[in-house]
Amino acid sequence: MNRNLIAKVIPGEVNKIQGYVENLRNKRTMAFLVIRDHSGRIQVTVEKEKYPEIAAVIDQLTVESVVTCIGPVVENSYVKMGGIEMLPEQMEILSIAEPLPISKDAAIDSRLDYRWVDLRSDRNTLIFKAQTEMVAAMRNYLLGDGFMEIHTPKLIGAASESGSDVFELKYFDRKAYLSQSPQFYKQMAMAAGFDRIFEVGPVFRAEKSFTNKHATEFTGFDLEMSYISSFRDVMALEAELLQAALKAVNDKYGEKIKELFGMETIVPTLPFPEMKLEDVYKELEERYGYTCPEEEKNDLTTEAEHLCAKLSMDKFGHEFLFVTDYGPQKRAFYHMRDENGMPLGYDLIWRGTEITTGAQREHRYEQLRAQADEKGLGEDVKFYMDFFRYGCPPHGGFGLGVDRLTMLLLGIPIKEVMFLFR
């Protein structure tokens with residue numbers, strides 16, 4: 001007999017359920033249990049005199065033990081959990097639980113020490129249900145738009161991009177590195193004529209992560225697309241992608257997110273508003289009295305990022321804000337530049353946090369080589385430069401951090417949204 005998810009038991013029929021004993025009231029003649037799996041809960045009611053063998057099993061049980069129950073599910077208007085209950089005819093202990101090592105209100109560090117126990121709650125399960133729905137919606141949107149999914153190496157032979165912020169390790173008798181981005185391989189796919197690709201996979205950054213939004217290992221959602229006419233083609237696709245993702249999450253879990261996290265899941269309208277970096281700083285000063293240090297005006301400071309949440313809502317009534325026209329000093333060498341040397345790219349800010357750096361890439365070999373030399377990269381990116389020697393279409397793309405998106409969706413620190421933080 002196959003197991004039924006608790007949320008899908010069929011009243012009027014014999015069902016088999018398996019799950020944790022969340023609550024147990026063991027009276028003299030009756031026993032009442034609440035059994036939980038990831039889909040929901042059900043009351044299990046036992047007449048002990050009628051089923052003495054089940055009564056003997058119940059006498060051994062502890063809270064959070066794991067059991068199998070088989071029996072009819074019947075309607076009962078007195079039962080608060082959906083108006084149904086199971087009347088088991090068989091019960092088997094699969095695992096006995098010792099007293100739990102943490103309480104629900106324990107500090108986060110203690111909870112992370114026993115993460116597998118900490119995750120046994122509606123709130124924490126919802127984190128990963130919402131994340132699953134969001135990633136699935138983005139994947140399905142791209143598949144419907146002609147994208148292919150690829151999987152790129154995470155052990156690489158040369159430090160990627162700038163050569164900094166990478167983890168070095170021993171690979172047999174030579175050095176290797178953990179990939180800090182699939183960027184070069186995404187562009188290799190463009191040179192291979194794949195045209196539209198995406199990847200969902202691990203990303204490693206050897207950078208200090210003592211903030212509520214950084215992690216040394218996280219899940220990236222990256223894409224690249226060919227034959228664009230402008231980096232705004234990339235911006236438009238990202239806006240549509242995020243709208244589809246947030247609509248899917250809101251449709252399925254919006255009410256539950258509001259109940260358990262106190263956050264509204266707002267489905268954004270199109271197009272997303274856009275401002276130049278220079279204009280952002282001008283308005284932040286005029287509206288809120290924030291003055292950016294002169295030496296940092298080629299990039300968006302953390303404080304300016306936070307203020308962008310208020311600026312975007314006050315000016316546009318929108319949670320998202322594209323910021324363009326960053327100086328070349330803080331942009332990667334492979335970003336295409338206009339005739340004035342301005343990188344053709346953007347950052348996307350959501351709820352006061354940067355979630356994307358996207359751009360049109362430089363696909364012309366000579367220009368790309370000059371920009372790499374300007375950054376002093378030279379031989380470090382020779383293997384990458386070869387992608388562009390034999391023809392490559394104009395292209396662009398971006399990357400999203402799945403964990404950071406989930407963090408902003410639910411309004412909690414990043415260590416709580418990751419299955420296992422560091």
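Okay, let's start with helix α11: nine of its nine residues are buried, so this helix is largely enclosed by the rest of the structure. Buried here means under 20% relative accessible area, with exposed being over 50% and partly exposed in between, using a 1.4 Å probe and protein chains only. The buried residues of α11 are Val402, Asp403, Arg404, Leu405, Thr406, Met407, Leu408, Leu409 and Leu410.

A quick word on what you're looking at. This is a predicted model, where local features need pLDDT of at least 70 and side-chain atom pairs count only at pLDDT 80 or more, while totals for chains, interfaces and linings use all residues. Residues are numbered from 1 along each chain as its sequence is written, and side-chain values use heavy atoms, leaving out hydrogens and water.

Now the overall picture. The protein has twelve helices and 17 strands; these are DSSP runs numbered from the N terminus, H or I of at least four residues for helices and E of at least two for strands. Of the 422 residues, 50% are buried. The C-alpha atoms fill a box of roughly 85 × 60 × 40 Å along the principal axes.

Back to α11, then. Which helix does it meet? The axis of α4, residues 122–143, comes within 10 Å of the axis of α11, residues 402–410, and the two cross at roughly 120 degrees. Those axes are lines fitted to C-alpha atoms, for helices over the stretch in contact, and angles run from 0 to 180 degrees between N-to-C directions. So α4 and α11 are oblique to each other. That's the label left over once you take out under 35 degrees as roughly parallel, over 145 as roughly antiparallel and 65 to 115 as roughly perpendicular. On the α4 side, the contact (heavy atoms within 4.5 Å) involves Ile127, Ala130, Gln131, Met134, Val135 and Met138. From α11 come Val402, Asp403, Leu405, Thr406, Leu409 and Leu410.

Next up, Glu199, in strand β11, residues 196–204. Is Glu199 buried or exposed? At 3% relative accessibility, Glu199 counts as buried. Leaving out residues up to four places away in sequence, Glu199 touches several others, including Thr152, Lys154 and Phe221.

Last one: His38, in the loop between β2 (30–37) and β3 (40–47). Setting aside neighbours within four places in sequence, His38 contacts Leu5, Thr125 and Lys129.
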